[in-house]
Amino acid sequence: MAEVEVFVGSIDQGTTSTRFIIYDRSAKAVGSHQIEFTQFYPQAGWVEHDPTEILESVRLCVQKAIDKATADGHNVDNGLKAIGLTNQRETTLVWSKSTGLPLYNAIVWMDARTSSICRKLEKELPGGRTHFVETCGLPISTYFSALKLLWLLENVDAVKEAVKAGDALFGTIDSWLIWNMTGGVNGGLHVTDVSNASRTMLMNLKTLDWDKPTLDTLGISAEILPKIVSNAEIIGTVSDGWPIFGIPISGCLGDQHAAMLGQACQKGEAKSTYGTGAFILLNTGEEVIESKHGLLTTLAFKLGQEAPTNYALEGSIAIAGAAVQWLRDGLDMISTASEIEELAAKVDSSGGVYFVPAFNGLFAPWWRDDARGVCIGITRFTNKSHIARAVLESMCFQVKDVLDSMHKDAGEKGEVKNEKGEFLLRVDGGATVNNLLMQIQADLLGNPVIRPADIETTALGAAYAAGLAVGIWTEDEIFASGEKVKLATTFYPTLDEERRNKKVESWCKAVSRTFDLADLSL
């Protein structure tokens, strides 16, 4: 008798698009659908999303992916056993418990409107910018959800009133989707997972619960916060009205944590995801390492209620692929993002041009929200190919800055190296299809870069977590990464060390030119 088909669905709700991918028992994608959604920029430095549009994009992606897989002969209706969810982290919203409607647009992770709140807290709190680092691993920054929530509480009357009336629910995008998918106003579950909670600035990294002293200091009511669950457990089942009615939601991770799992990163191994931003995480095992070099201490994953907690060091880069989108949409220099590779390949260097995409400030390891973008070294010789190449290089230089900090924080013992003594960086995300980008990355690091056969490891990680919780896969199967590496593409460095060092020196000079530019006159 033929083996019954088994499938796991993965919702991947990103910063610029939503997708749903259906995986079979061998973790091969059999159907998917992706939709871009609207980015709102109400003021300079502000970025918002419409939560209702995001919810509808998920619904549509689920239906279309199931239709495609079914048309290809897969019995998804009978074989779908679990749903995993992964999402853009930190993006913050508050909605009404009684109406189910958002009380304001979602404030996106890269939004910088909270810089004045950050400055005020830094002055008032005895620990300054690092006041909460010991409990949550994060500095005070525009990046994290707690500051965005404070802005909503201070500036949006509907939010203030709903909190007073006991009708407000706070959440990151995972909470909003799960609440709606499990019933919404009719008993929807208000939950978040440990990885998303670890990015709010409100969760204690050791207890994995909301930190009461932090809530008291910031004046945030615990009543509006979701319950924290692990990354791999049955959270609830999908309610009526969805094409996946009755299926358990059994995996939930923030996007970067999902990519770590999709890349099977164990202790001492690191991955870099190139999306709108770029995010580099090094698994530090069950040890919480406090960074002394501008990185974040965060949670990697916790694969079950009783499972051990893995922690990570993270470097977050606000603008990576978004700089390519800016060349496309803001400057009309290219008509599709994929064209940048061909344009940049027309020259063999950036011709002395250095581009720093500090559009909304700089994240790790600099943490300068007063920085703004610069393009330096321009001469009459400069053409658009040089600028395109400088944009690609900017992504790779930023990743190198973070990895240099990681090497210092983790030390020799904290990293796994191959038999040649090389530290291997695993890469994923949409931008990694660009071979030139990957070669530049290997050249600037002086280490090999490994790109898996399936670069959508974020969705795969969420599927793994969901499948693990319902018994489709074991941890041993997920972390048996030897087979995956055989199918991967490895990029080896070809740049000599002297040239690499000179380029890095020039890059650091360019970065220093971005500081203290936030108040330039219009």
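A: Two residues are in contact when they have heavy atoms within 4.5 Å of each other. This is a predicted model, where local features need pLDDT of at least 70 and side-chain atom pairs count only at pLDDT 80 or more, while totals for chains, interfaces and linings use all residues. Residues are numbered from 1 along each chain as its sequence is written, and side-chain values use heavy atoms, with hydrogens and water left out.

Okay, let's zoom in on Leu261. Leaving out residues up to four places away in sequence, Leu261 touches Leu253, Phe301, Leu303, Gly461, Tyr464, Ala465, Ile478 and Phe479. Leu261 also joins Met201 and Ile220 as the residues with the most contacts inside the largest nonpolar core, which has 139 residues. (A nonpolar core is a set of buried Ala, Val, Leu, Ile, Met, Phe, Trp, Tyr and Cys residues joined through side-chain atoms within 4.5 Å; buried means under 20% relative accessible area, exposed over 50%, partly exposed in between, with a 1.4 Å probe and protein chains only.) Helix H13, residues 384–410, gives this core its largest share, 13 residues. Helices (H or I, at least four residues) and strands (E, at least two) are DSSP runs, numbered from the N terminus. There's a second, separate core too, with 38 residues, including Cys61, Leu169, Val229 and Ile249.

Ala371 sits in the loop between strand E19 (354–356) and strand E20 (374–376). Ala371 counts as buried because its relative accessibility is 0%. Skipping neighbours within four places in sequence, Ala371 is in contact with Ala358, Asn360, Gly361, Leu362, Thr514 and Phe515.
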